[in-house]
Amino acid sequence: MIFLNTPELDLTQMKKLILDKIKYHYMDQHISQPKIDEDKLALLIAIIDHSSLAKQKKIQYVIATMLVQIALDTHELISDDSRQRESAEGKLTEQLNVLAGDYYSGLYYYLLANVEEIDFIRLLASAIREINENKMKLYYKEIQSFPDYVATIRHINGLLISRVASFFNNLQLEHLSDEWITLASLYREREKIDHKQSTMLSSITGQELDAWLQKKSHSVVRIIRELPSTYDKLKKYFLSDNKVIIKTSVSEEG
């Protein structure tokens, strides 16, 4: 059941609360401040805000989930460049990225364990395990086709938020989260091809990816526009003019 209560959580305020929670002076001196994926945060806020939880618990659930996301993203920053790893500065940065990711993971567990949210801890732990399993598939190059790659990226980037939506029985935002996050991830891969950067899609042409992006972007925009008015705040966020996906979809429709 979805509780259609008045939204209480604000994206800007939640972002500040998260950054305050992860602030650690020594790490801040040596590694860049973690980047918060605002699309995922906006989706997460909408999912949890439409639950029956008290406001303080909503805040705890949002912060804990984003700490997990930040931990996963921070571990991704570990360099594949052996020359960088061999330098003293590179070694320190890599070690701190590992420790920072572990630190953020520990914070999420501490936050939820203190309020005895055991079921939610199990949910996040299960998602983390599946995400890491799919990362290993990429790392060991077990992906055989473009559809396999899309499915793997869907699990790596979208599983955490869609699992939270499922936990709260919010099927509409579970579907949107899954689709939007996968689409945004593939747009980033397309940009890497344009800039001749390394990408796991080395065997995929830009034209093949463009065809998939065009078809999927129309579908995702339609999903957003069909959300009920209770999600107007989320719709406004995703349909804003500064979203590349929306710009692309609208220009192609025109």
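Here is a short tour of the structure, stop by stop.

This is a predicted model, where local features need pLDDT of at least 70, side-chain atom pairs count only at pLDDT 80 or more, and totals for chains, interfaces and linings use all residues. Residues are numbered from 1 along each chain as its sequence is written, and side-chain values use heavy atoms, leaving out hydrogens and water.

**The whole chain.** Start with a cartoon view: you'll find 12 helices and zero strands. Helices (H or I, at least four residues) and strands (E, at least two) are DSSP runs, numbered from the N terminus. Of the 254 residues, 46% are buried (under 20% relative accessible area, with exposed over 50% and partly exposed in between; 1.4 Å probe, protein chains only).

**Val 62.** Now select Val 62, in helix H4 (residues 55-75). Is Val 62 buried or exposed? Its relative accessibility is 0%, so Val 62 counts as buried.

**H9 and H10.** Next, pick residues 171-194 (H9) and 206-225 (H10), which pack at an angle of about 150 degrees with axes 10 Å apart. Axes are lines fitted to C-alpha atoms, for helices over the stretch in contact, and angles run from 0 to 180 degrees between N-to-C directions. That angle makes H9 roughly antiparallel to H10 (over 145 degrees; under 35 is roughly parallel, 65 to 115 roughly perpendicular, the rest oblique).

**Met 136.** Last stop: Met 136, in helix H7 (residues 118-139). At 42% relative accessibility, Met 136 counts as partly exposed.
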